[in-house]
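Morning, everyone. I have one structure to show, so let me put it on the screen.

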Amino acid sequence: MGKKLYVGNLPYSATEQVLIDSFAQFGNVESAKIITDRDTGRSKGFAFVEMATDAEAAEAIAKLNGADYEGRNLTVNEARPMEPRAPREGGGGGR
């Protein structure tokens, strides 16, 4: 299994293909996913990229963290596991 990386401070114009092309220079990219708003479909300005090996991920972090992309300094680091969410209150029954 590869190493998942968080990529932040992306311009809204970034595409998953641009991410794949950018990270591919450091190794095999297994996946790239830009996170979008559920209602509008617009990018939230961050993504996750999965590299094939830890070494490839480390090189991508070293080279791309803080790098300029369309006038923005990228944030690239190892993704943290998603924290469990608390149960939501209310049932939406309208009472």
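First, the ground rules. This is a predicted model, where local features need pLDDT of at least 70, side-chain atom pairs count only at pLDDT 80 or more, and totals for chains, interfaces and linings use all residues. Residues are numbered from 1 along each chain as its sequence is written, and side-chain values use heavy atoms, with hydrogens and water left out.

Now the sheet. Helices (H or I, at least four residues) and strands (E, at least two) are DSSP runs, numbered from the N terminus. Two strands count as paired if DSSP finds at least two bridges between them. Here four strands make an open sheet, ordered 2-3-1-6, with antiparallel pairing. Strand 2 (29–36) and strand 6 (75–78) are at the edges with a single partner strand each, so one side of each has no neighbour in the sheet. From one strand to the next, the twist averages 20 degrees. Those angles run from 0 to 180 degrees between N-to-C directions, with axes as lines fitted to C-alpha atoms, for helices over the stretch in contact.

Strand 1 (residues 3–8) and strand 3 (residues 43–51) run antiparallel and are joined by six bridges. Val-7 sits opposite Ala-47 in strand 3.

Which residues are linked in a network of salt bridges? They are Lys-3, Asp-54 and Glu-78. A salt bridge here is a side-chain nitrogen of Lys or Arg within 4 Å of a carboxyl oxygen of Asp or Glu, and the count comes to two. Asp-54 meets Lys-3 at 3.9 Å, N to O. That pair links helix 2 to strand 1, 51 residues apart. Glu-78 forms a salt bridge with Lys-3, with the closest N and O atoms 3.4 Å apart. This second pair links strand 6 to strand 1, 75 residues apart.

Asp-54 has 48% relative accessibility and Glu-78 has 47%. Both are partly exposed, that is, between buried (under 20% relative accessible area) and exposed (over 50%), using a 1.4 Å probe and protein chains only.
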